[in-house]
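Dear colleague,

Please find below the structure that I am handing over to you, together with its sequence.

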Amino acid sequence: MRESWTNYEVWVYRCNRCTTTWREEYKARHVADGHGGEAVSYEHDGHQCTSPWCDHVCPKCQSQNVKASPTPWKQAANVPVQAAHYNEDLALVLRLRRLNAY
Ligand SMILES: [Zn+2]
């Protein structure tokens with residue numbers, strides 16, 4: 001049995017000619033290939049499509065000089081939480097040191 005999972009990716013596009021920016025949401029279907037790797041196929045508006053980072057045309061000026069970047073919102077949400085835990089641990093160590101207990 002092949003393992004598969006689906007997630008949503010939001011990509012941000014910026015036209016290098018007229019500086020228009022816009023975002024599009026894709027459904028990414030991941031399928032493990034059984035050799036430690038995975039294959040990803042993308043759907044947009046319910047249709048199979050090419051990778052989000054290629055073949056994009058600016059909706060305003062029709063330029064193909066478009067830069068695509070994935071939105072790193074999951075990483076951005078996780079990092080401050082980890083940093084807060086780290087600071088709590090550090091504060092505890094410093095307090096114990098002041099009490100000569102550590
Ligand atoms: Zn444009």
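Helices (H or I, at least four residues) and strands (E, at least two) are taken here as DSSP runs, numbered from the N terminus. On that basis the protein has 1 helix and 5 strands. Please note that this is a predicted model.

Overall arrangement

Along the sequence, the elements follow the pattern β-β-β-β-β-α. The strands form an open sheet of 5 strands with antiparallel pairing, in the order β4-β3-β2-β1-β5. At its edges lie β4 (47-49) and β5 (66-70), each of which pairs on one side only. On average, and with direction ignored, neighbouring strands of this sheet are turned by 40° against each other.

Two values describe the protein as a whole. Of its 102 residues, 4% count as buried. Among the contacts with a separation of 6 or more, 48% are accounted for by residues 24 or more positions apart.

Strand β1 (residues 4-15) pairs with strand β2 (residues 21-32) in the antiparallel sense, over 11 bridges. Within this pair, Thr-6 stands opposite Arg-29 in β2, and Tyr-8 stands opposite Lys-27 in β2. The two strands form a hairpin with 5 residues between them, and Thr-19 in the turn has a positive phi of about 65°.

Strand β2 is also joined to strand β3 (residues 38-44) by 6 bridges, and these two strands run antiparallel. Here Lys-27 stands opposite Glu-43 in β3.

Asp-45 is found in the loop between β3 and β4. Is Asp-45 buried or exposed? Asp-45 is exposed, because 9 other C-beta atoms lie within 10 Å of its own, and a residue counts as exposed at 12 or fewer. From C-alpha to C-alpha, Asp-45 and Lys-27 are 8.6 Å apart in space, while 18 residues apart in sequence.

With kind regards

Note on methods: Residues are numbered from 1 along each chain as its sequence is written. This is a predicted model: local features need pLDDT of at least 70, side-chain atom pairs count only at pLDDT 80 or more; totals for chains, interfaces and linings use all residues. A residue is buried if 20 or more other C-beta atoms lie within 10 Å of its own, exposed if 12 or fewer, and partly exposed in between; C-beta atoms are placed from the backbone. Two residues are in contact if their C-beta atoms, placed from the backbone, lie within 7 Å. Two strands pair if DSSP finds at least two bridges between them. Axes are lines fitted to C-alpha atoms, for helices over the stretch in contact, and angles run from 0 to 180 degrees between N-to-C directions.
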